[in-house]
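Here are a few exercises to work through with the model open beside you. Try each one before you read its solution.

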Amino acid sequence: MNEKLLMTPGPTNVPKRVLDSMSQSMMHHRTSEFSCMLSQMSERLKYVFQTSSDVLTFPAAGTGGLEAVIVNLFSPGDRVLLVSIGVFGDRFSKIAQVFGLDVDKLEVPWGMGADPQTIKESLKDSHKAVIVTHNETSTAAANDIKKIAEMLSGEDKLLIVDAVSSLGGLELRMDEWGIDAVVTASQKALMSPPGLAFISLSERAWEKSKESRLPKYYWDFEKARADLNKAKAQNPYTPAVSLIAATNEALAIIQEEGIENAWKRHELMANRIRSGIEKIGLGIFTHRDYLSNTVTAVDVGEKAETVKAMMENEHGIIISGGQGVLKGRIIRIGHMGCIDGEMADRTLKALEDCMNRA
Ligand code: PLP
């Protein structure tokens, strides 16, 4: 259907093997066949999350996953420290506010990551959680979650991580690093179609969830976990069967490659893109200490929207523009999921051509 090359930070290209897995006859969700598939996907997700905790699957965008975490872990008036380094940190903050949380926002200049020491110094006794974005897709800046987690170890605060544009592409070890909640979605480094949100909680977060007084039905984690752990794994309501088939296949590919190899491959691809950008004579928007390995933001000044349109119309390559205040100033090139060297080089060549002519 889509002959265009997706070099965006999501949705990303979906491998043929994954696309094919969606073209089977429809499976009923209360059959043993479906239960087996759901259990298999859940085990594979644990590997990619690097956790032994259950990973819950919801038919939703990543934003639904963020909302789900808020309504399951908190009560109105709970005070949290929210670290925002861009558009998606701001979105998480808004969701928390909509549900009546008392949000202290630690705002970091766009293009930078958060300093773990500053996070620690901003913490108050009354904070119940620290909420942070792993990879800020709008600025192509990645936070050092390992260091942030180390800084918070020993504190009685939940550490909640939005890993929507990082999981599967950037190193993240939920259990080893002591993260309490990880949220991600199917359409980015997991190289699956959009439509699924995945969430895992630590034991400590499950305990805290018992105190939550926010209303929930669709997002009820306790119910989702109980159904997942039945002798025949299930979902509380009709699941997105074809998307589960797709992600199950994509996760098999990641498992065959090995998660560490996948992280390494993303690093190599990011280096290839960044050095190509520099060779063209363009600047990288993000501060060099916080460069993301799944997306690169390029400073192209007022040519941004023209170049983006030329890339699509003349080269069949979809890239992204800037978001929020960066609209019209930067372009963003996604290099997560199944991007290979040939795709990266083709994108760089096209970008050079467009920049010369724009
Ligand atoms: N968080 C981050 C870091 C993202 O990059 C995105 C989407 O790009 C989201 C959350 C929201 O995900 P969705 O668009 O699937 O709702």
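**Exercise 1: a strand and its partners**

Find how many bridges join strand β14 (residues 320–321) to β15, and which way the two run.

*Solution.* Two bridges link β14 and β15, and the strands run antiparallel. Strands here are DSSP runs of E, at least two residues long, and helices are runs of H or I, at least four long, all numbered from the N terminus. Two strands pair if DSSP finds at least two bridges between them. Before going on, keep in mind that this is a predicted model: local features need pLDDT of at least 70, side-chain atom pairs count only at pLDDT 80 or more, and totals for chains, interfaces and linings use all residues. Residues are numbered from 1 along each chain as its sequence is written.

Next, pick out the residues. Ser-320 has Arg-332 as its bridge partner in β15. On to strand β12 (residues 295–299): five bridges join β12 to β15, again antiparallel. Thr-296 is bridged to Ile-333 of β15.

**Exercise 2: inside β15**

Work out which residues of β15 are buried on each side.

*Solution.* Start with the cut-offs: a residue is buried if 20 or more other C-beta atoms lie within 10 Å of its own, exposed if 12 or fewer, and partly exposed in between, with C-beta atoms placed from the backbone. Ile-330, Arg-332 and Gly-334 are buried on one side, Ile-331 and Ile-333 on the other. Five of the five residues of β15 are buried, so the strand is largely enclosed by the rest of the structure.

Now zoom in on Arg-332, which sits in β15 (residues 330–334). Arg-332 counts as buried because it has 25 C-beta neighbours inside 10 Å. Leaving out residues up to four places away in sequence, its contacts (C-beta atoms, placed from the backbone, within 7 Å) include Pro-9, Ala-140 and Ile-319. An unreviewed UniProt entry lists Arg-332 under "binding site"; such annotations may be inferred rather than shown by experiment.

**Exercise 3: a helix face**

Which residues of helix α6 (residues 145–152) are buried?

*Solution.* They are Ile-145, Ile-148, Ala-149, Met-151 and Leu-152. Looking down the axis of α6, these buried residues fall within an arc of 160° (taken from the directions from the helix axis to the C-beta atoms), so they line one face of the helix. Among the elements covering them are α5 (116–122) and β8 (158–162). Finally, Gly-154 follows α6 and has a positive phi, near 95°.

Notes: Contact = placed C-beta atoms within 7 Å.
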